[in-house]
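Open the model in your viewer and keep the selection tool at hand. The stops below go from the domains to the ligand.

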Amino acid sequence: MQRKPPYSDDPFAIPADTLGLSADEMRRLGHKVVDMVVDRFERRNAEPVITTGDADTLAQKLGGALPKEPMSPDASLDLMAEVALTHMQHGDHPRYFARVPGPASFAAILGDWMGTGFNTICASWGGGSGPAIIENTVISWVAEMLGLPGHTEGVLLSGGSLANFTGFSVARSEIGRGVAYLTDQTHASLPRNLRQMGLSDEDIRILPSDGDLRMCPETLSMAIKADITQGRRPMMTVATAGTTNTGAADPMQAIADICDRHGMWLHVDGAYGAPAAITDAGRNVLKGLERADSIVLDPHKWFFQPYDLGMCFVTRPGALDRCFSMNPEYLKDVQSENAVNYGNRSLELTRRSRALKLWMSLRTYGAPAFIEAVQNGMDLAEEAERQLRADPDTWKVMTPAQLGIICFALKGADAAEHSKRADRLSQSGFATVSTTTLQGRSALRLCTINPLTTREDISRTLALLAEPLTEK
Ligand SMILES: *Cc1c(COP(=O)(O)O)cnc(C)c1O
């Protein structure tokens, strides 16, 4: 392929691209990428839900010697699409029911592409005032949809893990060091977060959940009192608004009362389930969410955004900036005292604008489309529950449909049997589900948050799971 030398004295010889692609090539390749993406949207129902490759075969096809000569971008795009991007889970497939699906919407993808294409930065006010206002805007739009107080602030991060870390950091900076209270249903990344923040195992209290796999306010209250008696300081309670395991929501009103009584921070991990609060039914289940000091929501799960995007909301004005502000001499030119500097709201300084995709999708589809799609996810889990209960000889419902998740067991099956059937289903390419353990008992689990999933998708998936295993 012929390229002009990128560094030439002749201004007319300078190509449009930093490293030498011409404007015509850029257009042609860009259009090809759009077609490849939309082609996959059109045929994804018919493609396998998940494919895992063999490491050696993949490395042979995708690796190789460091390129010493330019190679064809067309061939590289084709290779990427055919080999790398087929060997992964397709979380946006309508029969991807495992873990947490990622049903990204196209308007959000366009927003992300624009952000990358314009190389957006949202760190200082001076260096990214437009993107900063977009970030402010999506934070207040989503806060409004969730029913959070009007003065809620926030910051966008890569996902729930870093968003929870950010909330915990603010809690510690506002309250001081002390004990954090979780349950055995809290997401595994949270104790990891707390340990890496420097909390010792002594200061991480993992409480047993109740029979419904929720935090029990009496257990929390007793643990707090026992710690106070022993001279420890309770710092924060971490409630979950929709556990990843079962969709169960901790009783946030009662927990908020306890936190108020002891001057503690209430952090709510709604990475998975907080979007339910935009519906009437979900708002009722998640009552008390608005009383939290910090709240996490992952738009790359149930808010129709491509990876990656997590949000951390803080309802105490100024607390995020008090925790993360820095004002070094080399940033004086671009920081503003009157406007938000997002580089002062988390550990990320140089950061792309993750808000563009959310802004683009909320404007394109409108809030009611989000509400309807989230409600649909909850309805589908209820539909799955109805289908399971209609065949009590085959199935036992382990936990009811909660915020788009249902857990169930095949009558008489143990963990090995469940995982063999789940594997067989994934290998068929038709659908994929998770296995999990609930208080020592094995279960299968569906997460039904993709608006493109049909009732038929659910009944065919259950039928395939119910088919007896044949010995090979
Ligand atoms: C997914 C999840 C997390 C972790 O979020 P990532 O985006 O994977 O970093 C934390 N908590 C809950 C409840 C989750 O579902």
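A polar contact is a pair of N or O atoms within 3.5 Å; within protein, one of the two must be able to donate a hydrogen and the other to accept it. Keep this in mind for the third stop. The model is predicted.

**Stop 1: the two domains.** Select 109-365 and colour it as domain 1, then select 369-466 and colour it as domain 2. Taken over C-alpha atoms, their centres are 29 Å apart.

**Stop 2: where they meet.** Here 32 residues of domain 1 are in contact with 22 residues of domain 2. The two domains bury about 2000 Å² between them, and carbon and sulfur atoms give 69% of that area. Now select Asn245, Trp302 and Phe304, which supply 28% of the area that domain 1 buries against domain 2, more than any other three residues.

**Stop 3: polar pairs.** How many residue pairs are in polar contact between domain 1 and domain 2? There are seven, counting pairs with both residues at pLDDT 80 or more. The number of salt bridges between the domains is zero. On the side of domain 1 that touches domain 2, select helix H10 (280-285), helix H11 (299-302) and helix H13 (355-365), each of which gives two or more residues to that side. The residues of this side are 16 nonpolar, 13 polar and three charged.

**Stop 4: the ligand.** Select the ligand and the 13 residues that surround it; Gly160, Ser161, Asp269, Asp298 and Lys301 are the closest.

- Asp269 has a polar side-chain atom 2.6 Å from a nitrogen atom of the ligand.
- His300 places a polar side-chain atom 3.0 Å from an oxygen atom of the ligand.
- For Lys301, the distance from a polar side-chain atom to an oxygen atom of the ligand is 2.8 Å.

Technical notes. Residues numbered from 1 in each chain as written. Predicted model: local features only at pLDDT ≥ 70, side-chain atom pairs only at ≥ 80, totals over all residues. Heavy atoms only, no water. Domains from an automatic or database assignment. Contact = heavy atoms within 4.5 Å. Buried area = accessible area lost by both parts, 1.4 Å probe. Salt bridge = Lys/Arg side-chain N within 4 Å of Asp/Glu carboxyl O. Helix = DSSP H or I, 4+ residues; strand = E, 2+ residues; numbered from the N terminus. Nonpolar A, V, L, I, M, F, W, Y, C, P; charged D, E, K, R; others polar. Near = heavy atom within 4 Å.
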